[in-house]
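Hi everyone, thanks for making time.

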Amino acid sequence: MSNLATFQLLEEAKNSILFTAVRPEIVMERGKGMYVWDTDQKKYLDFIGGWAVTCLGHSPDVIREALHRQSSILVNASPAYYNKPLIEFSKLLSEVTCFDRVFFASSGAEANESAIKLARKYGAKVLGGAYEIISLVNSFHGRTLATMSVTGKSYWKELFSPKVPGFKHVPLNDIEACVSAIDDNTCAIMLELVQGEGGVHSVNYEYLKAIREICNEKGILLIFDEIQTGIARTGKLFAYQHYEIEADIMTLGKGIGGGFPLSAMLTKEKYNIFESGDQGGTYSGQPLAMSVGYSVLNEVIRLNLAANAEVQGKYLIDKLNEIKDTYQLSNIRGKGLLVAFDLPLPAGNDLVLECLGQGLLINSPNSNIIRLMPPLIVTNIEIDRMISILSVSLENIYHARRLTR
Ligand code: PLP
């Protein structure tokens, strides 16, 4: 039962916020490290991490300090001018990746829109007007019209028709299907190295190697959407480093700002082909965002959170394996701290709500899939705690559904 102030806030929310999602009857108020608290002061252990965003945990000092420092000097210079943190952050990103050039935006979808535009620009300039992009079934690339069109979610197919034309979808890890989809109109192939929203399914090495070779052979671009996998999430600073295979374009979002709205599209020098006015945005390279991004990335590197994601990701998978038989969990999978497993029945939402009641935040991207993407600062103490809350919650769900184990 929530207190009166929370009740009033919820009433106001229902009367003023446009409905776009079913949300539980709580209001989040503050966060620190691995925890968030609601307005009734209930504490939640966070294994959603702001949707794979809060890589440094909640309210890290580096973000507060960067915002304080930069907001006392320059909040907004306009995208018409260079600013110092923009230059510093672009340089840092080109030093820690295989890319030379960076364009900044605020959300992952915008970074992907930039990638789509750059690929089409390349198609227009170099491939005789080719504009089609091949992406994967079950992929997720954003919620603008073009990024919804490149996304491979089947139930989005008819939504907001007509979609932006020029996108084809092929199954994950099926080289033949991809080869057959390529024609003279293809300018790029776009994929996530681990499909996050699609339920944590990885591209395999042989597939990626073949796709890279096909792109080289045909002169078409390869785009990696690392919005969810980038910034140390999978146990390397970028997921492409697991494969030692490079893309021509890479997009970043989520963890790049540690919770501050920020995204980027990176590419190689030879694709530095936009003409003035082709791409831009009021907040592209905005000093506050640049200052935060620069500080977050330096902190992720300083704390070696890629190594922590690798170690704790393995520990998390070991712990899930220990309770696997008891609760009939299957397909425990993932890379670093992007982990998922399947439930024996479509009870994902019920489990999410049960865990919420027990003070744990988890995500169910599909009715029988549970996804875990905690902040990259997580330790085995929080993982043990999460496993014990998850076990109690599974017990309760099964009991309620009278499922015999
Ligand atoms: N691409 C991937 C792989 C994502 O996981 C997401 C968001 O979940 C996006 C793009 C879209 O990012 P945003 O919601 O910041 O627009």
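**A quick tour**

Let me start in a loop: Pro162 sits between α6, residues 145-150, and β6, residues 167-170. What kind of peptide bond joins Ser161 and Pro162? It's a cis one, with omega at about -5°. Keep in mind that this is a predicted model.

Okay, zooming out. The protein has 13 helices and 17 strands. Its radius of gyration is 22 Å, close to the 22 Å that the globule rule gives for 405 residues, so the protein is as compact as a globular protein of that length. If you box up the C-alpha atoms along the principal axes, you get roughly 60 × 55 × 45 Å.

Now go to α1, which covers residues 4-16. That's 13 residues, and from first C-alpha to last the helix reaches 18 Å, close to the 18 Å you'd expect at 1.5 Å a residue. Look at the N-terminal end of α1 too: Asn3 caps it, with a side-chain oxygen 3.1 Å from the backbone nitrogen of Ala5.

Next up is a pair of helices, α3 (residues 61-71) and α10 (residues 287-302). How do their axes cross? They come within 9 Å and cross at roughly 145°, and the crossing is right-handed. On the α3 side, the residues that meet α10 are Val62, Ile63, Ala66, Leu67, Arg69, Gln70 and Ser71. Their partners in α10 are Pro287, Leu288, Ser291, Val292, Ser295, Val296 and Glu299. Sorted by class, that contact has 8 nonpolar, 4 polar and 2 charged residues. As for the spacing you see in those lists, an α-helix has 3.6 residues a turn, so residues three or four places apart point the same way.

One last stop, in the loop between α3 and α4, which is residues 84-96. Ser78 is found in that loop.

Definitions and conventions:
Residues are numbered from 1 along each chain as its sequence is written. This is a predicted model: local features need pLDDT of at least 70, side-chain atom pairs count only at pLDDT 80 or more; totals for chains, interfaces and linings use all residues. Side-chain values use heavy atoms; hydrogens and water are left out. Helices (H or I, at least four residues) and strands (E, at least two) are DSSP runs, numbered from the N terminus. The expected span of a helix is 1.5 Å times one less than its number of residues. A polar contact is a pair of N or O atoms within 3.5 Å; within protein, one must be able to donate a hydrogen and the other to accept it, and residues adjacent in sequence count only if both atoms are side-chain atoms. Axes are lines fitted to C-alpha atoms, for helices over the stretch in contact, and angles run from 0 to 180 degrees between N-to-C directions. A crossing is left-handed if the near helix is turned anticlockwise from the far one by less than a right angle, and right-handed if clockwise. Contact means heavy atoms within 4.5 Å. Ala, Val, Leu, Ile, Met, Phe, Trp, Tyr, Cys and Pro count as nonpolar, Asp, Glu, Lys and Arg as charged, and the others, Gly among them, as polar. The radius of gyration is taken over C-alpha atoms; the globule rule is 2.2 Å times the number of residues to the power 0.38.
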